[in-house]
Amino acid sequence: MQILIINGPNLNLLGKRETSIYGEDSFEDYFIGLQREFSDISFEYYQSNIEGELINKLHEVGFNYDAIVMNAGAYTHTSIGIGDAIAGIETPVIEVHISNVYAREEYRHQSLMAKNCVGVIAGMGLNSYKLAVLHFIPLQK
Ligand code: DQA
């Protein structure tokens with residue numbers, strides 16, 4: 001099974017950025033642990049701060065990967081383009097957030113991608129990514 005994890009803007013700063021909200025761990029370290037824990041899954045990780053690059057990546061893998069776990073960061077709340085890209089591909093996507101976006105500013109309560117996703121996981125810290133992976137495992141071919 002091939003799973004792509006996509007992180008959007010500012011998530012390259014995890015571990016350094018607003019640590020009271022997003023925690024002290026870098027995504028790179030967390031990703032190593034995830035790969036060890038699910039050693040039978042082939043993971044790829046992609047991060048970009050640029051909306052069009054995120055859309056290009058969805059197009060590139062969205063017809064051959066089994067699953068995508070995506071934290072689009074702030075683009076979640078603003079990007080019709082990312083929502084449309086998810087609608088246009090075949091690979092199922094789960095939207096994840098580290099923080100509980102519903103307990104934060106009102107502008108974070110809207111997602112322009114959620115309706116095109118399998119589901120949304122928010123507020124579980126970095127474990128949000130693992131919970132999304134666990135959802136896809138029973139679908140394994
Ligand atoms: C986030 C929540 C977004 O509102 C924010 O813009 C982020 C991170 C999260 O993982 O909690 O960059 O997606």
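**View 1. Glu-44 is partly exposed, with a relative accessibility of 24%, and pairs with Lys-57 in a salt bridge.** This is a predicted model, and here the closest N and O atoms of the two side chains sit 2.8 Å apart. Glu-44 belongs to strand β2 (residues 42–47) and Lys-57 to helix α3 (residues 51–61), so the bridge ties together parts that are 13 residues apart in sequence. Lys-57 itself counts as buried, at 8% relative accessibility.

**View 2. Lys-57 also forms a salt bridge with Glu-60.** This time the closest N and O atoms are 3.2 Å apart. Both residues are in helix α3, 3 residues apart, which puts about one helical turn between them.

**View 3. Arg-104 and Glu-105 meet through their side chains in a salt bridge.** The N to O distance is 4.0 Å. Arg-104 is buried, with a relative accessible area of 19%, while Glu-105 is partly exposed at 34%. Searching the whole structure turns up 6 salt bridges.

**View 4. Asn-7 and Tyr-129 touch through a polar side-chain contact.** The contact spans 2.6 Å. Asn-7 sits in strand β1 (residues 2–7) and is buried, with a relative accessible area of 0%.

**View 5. A patch of negative charge gathers Glu-24, Asp-25, Glu-28 and Asp-29 on the surface.** One of them, Glu-28, is part of helix α2 (residues 27–37). Glu-28 is partly exposed, its relative accessible area being 43%.

Conventions. Residues numbered from 1 in each chain as written. Predicted model: local features only at pLDDT ≥ 70, side-chain atom pairs only at ≥ 80, totals over all residues. Heavy atoms only, no water. Patch = residues over 30% accessible without salt bridge, like charges linked within 9 Å, V, L, I, M, F, W, Y side chains within 5 Å. Areas by Shrake-Rupley, 256 points an atom, 1.4 Å probe, with all protein chains shown as cover. Lys, Arg positive; Asp, Glu negative; His and termini not counted. Charge placed at Lys NZ, Arg CZ, Asp CG, Glu CD. Helix = DSSP H or I, 4+ residues; strand = E, 2+ residues; numbered from the N terminus. Buried < 20%, exposed > 50% of the residue type's maximum accessible area, 1.4 Å probe, protein only. Polar contact = N/O pair within 3.5 Å; in protein donor to acceptor, adjacent residues only side chain to side chain.
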